[in-house]
Amino acid sequence: MNTPAPLFKALSIAALCAWLASCATAPPTEPEPPEAPEQKARMAELQGDYARAANYWLQAAIAAVGTTSQAYRLNAAEAWLESGDRDKARTTLDDLQVDSLSPSDQQRYRLLRAELALAEGDIPGALYLVGQ
């Protein structure tokens, strides 16, 4: 039995279209936005890499403004202290504008200062800072 030419042509075109559609590539995906330094800092802290976290907090502080920048610097000081680098923790704390911190961050600041004092054997200084 002979197939009529128009029907054969239509089936051939349909088969060709189906084959071409199966060969098509997926549309390109949008690249994921780079992780913000804050996210990287939190991840580094979770991994116990406090020195790296401190550096990310400082990057975040540079990009931020006002009280947010100061809070990120406080986070960096805390991470430096956790990493065992008291000198960098002290320097970071010295650079903070304490008056611009929120009341809770001012309390964290005093506790970090007290922790530094205690680590250096300054028990009276630590007690004074905690009692403020």
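**Entry 1: the chain as a whole.** I began with burial and noted that 27% of the 132 residues in the chain are buried. I record here that the model is predicted. I then looked up the secondary structure and found seven helices and zero strands. Along the sequence I read the pattern α-α-α-α-α-α-α. For contacts between residues at least 6 apart in sequence, I noted that 37% join residues at least 24 apart.

**Entry 2: the core.** I turned to the largest nonpolar core, which has 23 residues. Within this core, W57, Y72, L74, L93 and Y109 touch the most other members. I listed the elements that give two or more residues to the core as α2 (37-46), α3 (50-63), α4 (66-83), α5 (86-94) and α6 (103-119). The largest share, seven residues, comes from α4.

**Entry 3: W57.** I looked up the contacts of W57, leaving aside its neighbours within four places in sequence. W57 is in contact with E38, A41, R42, E45, Y72, N75, A76 and A79.

**Entry 4: α3 against α4.** I recorded an angle of about 165° for the packing of α3 and α4, with their axes 8 Å apart. Angles over 145 degrees count as roughly antiparallel, so α3 is roughly antiparallel to α4. I noted the crossing of the two helices, α3 and α4, as left-handed. From α3, the residues Y50, A51, A53, A54, N55, W57, L58, A60 and A61 take part in the contact. On the α4 side they meet S69, Y72, R73, N75, A76, A79, W80, E82 and S83. I sorted the residues of this contact into twelve nonpolar, four polar and two charged.

Technical notes
Residues numbered from 1 in each chain as written. Predicted model: local features only at pLDDT ≥ 70, side-chain atom pairs only at ≥ 80, totals over all residues. Heavy atoms only, no water. Core = buried A, V, L, I, M, F, W, Y, C linked by side-chain atoms within 4.5 Å. Buried < 20%, exposed > 50% of the residue type's maximum accessible area, 1.4 Å probe, protein only. Helix = DSSP H or I, 4+ residues; strand = E, 2+ residues; numbered from the N terminus. Contact = heavy atoms within 4.5 Å. Axes fitted to C-alpha atoms, helices over the stretch in contact; angles between N-to-C directions. Parallel < 35°, antiparallel > 145°, perpendicular 65-115°, else oblique. Left-handed = near helix turned anticlockwise from the far one by under 90°. Nonpolar A, V, L, I, M, F, W, Y, C, P; charged D, E, K, R; others polar.
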